[in-house]
Amino acid sequence: MDKLALCFCTDVYSEENPEIPAIAKYFSTKGRYEEVNPYLIEDILAVNRSILQPPSAECRQIHLTAVIRHGTRYPTAKNVKKMKKLYDVVRGIDVSNRNWLRELQTQWRMWYTEDMDGRLVQKGVNDHRHLAVRLSKLFPSLISEEKLRGGFIKFITSSKHRCVNSTLSFKAGLTELWDIKDVEFDHAVNDALMRFFDKCTRFLEEVDNNPSAVTEVEKFKEGPEVRRVQQKVADILNVSYSSITYDMAEAAFYLCAYEFAIKTVNSPWCRLFDEVDAQVVEYANDLKHFWKRSYGYDINSKSSCILFHDVFSRLGKAAGESMSGRQVTEAVTVQVGHAETLLPLLTLLGFFNDSKPLTSTNFAAQAHRSFRTSHMLPYAANLILVLYDCGGGKLRLQPLLNEKPVTFPGLADQASMPLYQDILKHYKDLLQGCDFETECQLFKQPAEV
């Protein structure tokens, strides 16, 4: 098992906390950030500075790059349609003496509408406001009022409204913290960086728009584990097995997830599933992300070459300025995108790469896999790279995922803060190659004459 998985073995779910669904830790990319960092449930601004342990007192932070997913959002129009279909079935069933089902019929209303379509919710605004404050507490020498006012903090975002609004919320977290009212701070919209997956022709044609690319996902959905979940939901609702498709069972799961993420409500929808069911639905989601955005196909990660090079060019510039005794001109870069932005980059860097690929037939064998999107990609998920100048010409780089130190794959012997030069050596092939234009163009066979 990948050592990174050890960072996430925290469990706070019990019958003593009925406000949290027992299945909340399996919500994949629909999960709250607080499920990954449970200490935030008690104090949303809590930080643990002891996680930053440079090898010497001389080490000082000189640059930070953060690639962050947008905050909590409404469901997409596509998922709202599936939810409505399920809700119509529930409204027509005989609930008999089952009070919680009666509650779904009479008290719960289908309040999600298609025009919500993935927009940021208030919880998502708070996700980024709070993250900004926590990062300023973790890295006070970099994320400071002086650096912000001086123009040393840059903001870049995807053009999607949920990302732009997350960026505005992150900035608001800082300006409110320091009571800044006399100036506004710009952000740049850059889809080439933050939505590279939309620009990569080879990825779009060979994977994203190619049904055969997700064969393993479809096989799993037709397999015994998923069938058992569908039949169980049908049994609880007292409808025929044919009435509940996988999409409808998944919609029920998502209704539980959204009600909790958006409103912190342990909804009656959650009672349709136990933890074993949730693990099956989570695995189906992980399979989809594995094959469509991660290790399933080489082009998935290579589509992020442009972002990879951007990150390392910022690190290189900061390193060069610091080593020559100049002031680092860009202390902090905050880049806000999507789960689909972060996952290919994590994959390109080699994180969460299990010894065997996820397939339709190894659900049980992958019970302890490190590739779990519930841990990796909750709302407001973030990869943070912090560059340190430790004197004597030594630079070190510390990676954190969701505010926890992780180790670069292949550099575990150097713990969480390896020498920057060793990292450059480790990723030499990607730094010299990994050209976005070359990787993303389609290589068509010449037409026969």
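**Exercise 1.** What radius of gyration would a compact globule of 449 residues have, and what value does the protein have?

*Solution.* The model examined here is predicted. Step one: for 449 residues, a compact globule would have a radius of gyration near 22 Å. Step two: the protein has 23 Å, which agrees with that expectation. Step three: along the principal axes, the C-alpha atoms fill a box of roughly 75 × 70 × 40 Å.

**Exercise 2.** Determine how the chain is organised and how much of the protein is buried.

*Solution.* Begin with secondary structure: there are 19 helices and seven strands. Next, consider contacts between residues at least 6 apart in sequence; 79% of these join residues at least 24 apart. Finally, with buried taken as under 20% relative accessible area, buried residues account for 57% of the 449.

**Exercise 3.** Identify the residues that touch the most other members of the largest nonpolar core, and describe the surroundings of one of them.

*Solution.* The largest nonpolar core holds 110 residues, and Tyr-112 and Trp-269 touch the most other members. Helix α11 (residues 246–263) gives the most to this core, namely 14 residues. Beyond its neighbours within four places in sequence, Trp-269 is in contact with Leu-86, Tyr-87, Val-90, Leu-104, Trp-108, Ala-252, Leu-255 and Cys-256. A second, separate core has 35 residues, including Ala-66, Ile-68, Phe-185 and Ala-331.

Technical notes. Residues numbered from 1 in each chain as written. Predicted model: local features only at pLDDT ≥ 70, side-chain atom pairs only at ≥ 80, totals over all residues. Heavy atoms only, no water. Helix = DSSP H or I, 4+ residues; strand = E, 2+ residues; numbered from the N terminus. Rg over C-alpha atoms; globule rule 2.2 N^0.38 Å. Buried < 20%, exposed > 50% of the residue type's maximum accessible area, 1.4 Å probe, protein only. Contact = heavy atoms within 4.5 Å. Core = buried A, V, L, I, M, F, W, Y, C linked by side-chain atoms within 4.5 Å.
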